[in-house]
Amino acid sequence: MAADSLKGLRPETLAVAYGYDPAEALGAVKPPVYLTSTFIYPSAQHAKDVHEAFFDGTGPLAGKKGEGHIYSRLGHPGLDILESRLAAIDGAEAAAAFSSGMAAHSSIALTFVKPGDSVLHGRPIYGGVDMLYGSVMPGFGTHVETYTDGCDPDAVRAAARAALAKGPLALIVAETPANPTAAMVDLDLMVAVADEIGRETGRRPLVVVDNTLLGPFAQRPIEQGVDLCMTSLTKYCAGHSDLLAGGVSGKLELIHQLRTLRTTWGNHLDPFTAWLVVRSLESAAVRIERAMSNARLVAEFLRDHPKVAGVTYLGFLKEGTPARAVYDRQCKGAGSTFSFHLHGGEAESFRMLDALRLLKLAVSLGGSETLICHSATTTHYAVPREGRLAGGITDGTMRLSVGLEHADDIIADLSQALEAV
Ligand SMILES: *Cc1c(COP(=O)(O)O)cnc(C)c1O
C-alpha cells in the first residue's frame, strides 16, 4: 500500500502494513529476501546517478524511493523495508538497522562523540554500554560521567555539570527502565537538560534512549522529543531468541550520518536477518501484550511467596514516588522483564534454578520462552560485589524474562522449584 495512505495509523497497524508494496515484487504478499551482495545498473550514467544520490544526496535519483542500490553493505531492499517500518512504528523520520544492538550503540558513539567530548549516562545500564563509554571510548580520548537517579532533576543537573567540566557534552544516554533494577529515567527531564546546555554552551547534546526493555509500543521516546531511539531488536521486537539485530530511529539528518559511516564499519544488518525482523515486527505488539499480562501474574505470585524477599516490578512502583509519576507519564505497560530476590544467597538460588523444569536458564530477554538467570554470577559477573549491592543486586537476585507460555504453567514451575530452596 502506498506509504502516504498509511499516515496517521497506529504503530500496531504500521508494524503489519508499512514499508513494503507487493507491486514491487510480482504481487507477493510478503517481501522476498534479496540474497545478493551487489546490484547491476541499466547504463553507466545510471550507475553514476545512483552513486551521486547515495553519497551527495543530489542528482536525478536523489530522494527517490527505489533509487537503486550499489552494494549490500551500503544498503539493500530488505534494509529499506525494515528501516522504513521501524521509523514508522517509532514515529520517527528515519531509522538505521545494524547487525546487533551493540553495533547500533557503538555506531552512535563513533559517529557523534569526538576526542575531548564527554558523555553522560545513567547507572545501572546495559553492561555493553557501560563498557563502551567507560573503557572503550576513553581510549579515543572521550570522558564519561554518570547519574544514578534519573528522576531527580538536581542530581541529573549536577552530573551534567560534572560532565561539562571534563569536556563538551556530546550525548546524554538513558536506558529506561534500566536493566536489571527497572529504575526509571525521566525522558522529559533529559530533553530539558539537553536544551538548557544547548542554550548555555551553544552545543546541544543529543539525547539517546535505549528503549529495548519496553519496546516501541509501550514507550514512545521520539514523541517525547529525544533525538535517537535505540532498540535491541534481538529482544522483544524479533522476540524468538533466534537472531541479533539493532535499530536506531530519529531525524533523517542524524540517521543519514549513521548510515554513511555504517558503510565504512560494515555493521549493517544482512538481508535474511532483516527479513526475519520485518516478519517478527508484525506480531510484536501482540506478543509483548501477552508477555506483559503473564508477567503481572508471575510478579504477583512471587511477591506473595514466603521464600521471596522482594520483587522489582514496575507495576508495583509506589504511588506518590517520583519514579511512579514518571512511569505513569511515560509508559503504557510494565514490561515482562523484572527481578526478584530470594531470602538467602547463591546456594538457595542455585537450588531453585536447578529444580526448574519448564523455565530455561539463560541470559537475554524478550523471547517467546521464559528465561531466568542468577544476576550476580551471570549478567553481573564482572561487577564487584559492592557495586552489585549498591545497584540493588543481592546474591539471591534473579532476573526473569516472562514469555508466552500459559501463565499458570510458568507459575507452577516456579512454585515447585521454590520448594527445593
Ligand atoms: C541486549 C541489550 C542490548 C544489546 O543488544 P544486542 O542485540 O545483544 O547487541 C542493549 N541494551 C539493552 C537494554 C539490552 O537488553
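Q: How do the residues lining the second largest pocket divide into nonpolar, polar and charged?
A: In this predicted model, the lining of the second largest pocket comprises 15 nonpolar, 16 polar and seven charged residues.

Q: And what volume does that pocket have?
A: The volume of the second largest pocket is about 910 Å³.

Q: Which residues are closest to its centre?
A: The second largest pocket is lined by 38 residues, and I125, Y126, G127, G128 and T379 are the closest to its centre.

Q: Which elements supply at least two residues of that lining?
A: They are α4 (101–112), α5 (127–136), β6 (228–232) and α13 (385–390). Of the elements, α5 gives the most to the lining of the second largest pocket, namely four residues.

Q: Turning to the largest pocket, how much space lies in it?
A: The largest pocket holds about 1500 Å³ of space.

Q: Which elements give two or more residues to its lining?
A: For the largest pocket, these are α2 (44–56), α3 (77–90), β1 (94–98) and α9 (252–265).

Q: Which of them gives the most?
A: That is α3, with eight residues in the lining of the largest pocket.

Q: How many residues line the largest pocket, and which lie nearest its centre?
A: There are 49 lining residues, and those nearest the centre of the largest pocket are K64, K65, E67, D80 and R259.

Q: What is the division into nonpolar, polar and charged there?
A: The lining of the largest pocket has 27 nonpolar residues, together with 11 polar and 11 charged ones.

Terms used: Residues are numbered from 1 along each chain as its sequence is written. This is a predicted model: local features need pLDDT of at least 70, side-chain atom pairs count only at pLDDT 80 or more; totals for chains, interfaces and linings use all residues. Side-chain values use heavy atoms; hydrogens and water are left out. On a 1 Å grid over the protein atoms alone, a cavity is a set of points where a 1.4 Å probe fits but cannot get out, and a pocket is an open set with protein on both sides within 12 Å along at least five of seven lines; lining residues have an atom within 4 Å of a point. Grid points are joined across faces, edges and corners, and a volume is the space filled by probe spheres set on the points. Ala, Val, Leu, Ile, Met, Phe, Trp, Tyr, Cys and Pro count as nonpolar, Asp, Glu, Lys and Arg as charged, and the others, Gly among them, as polar.
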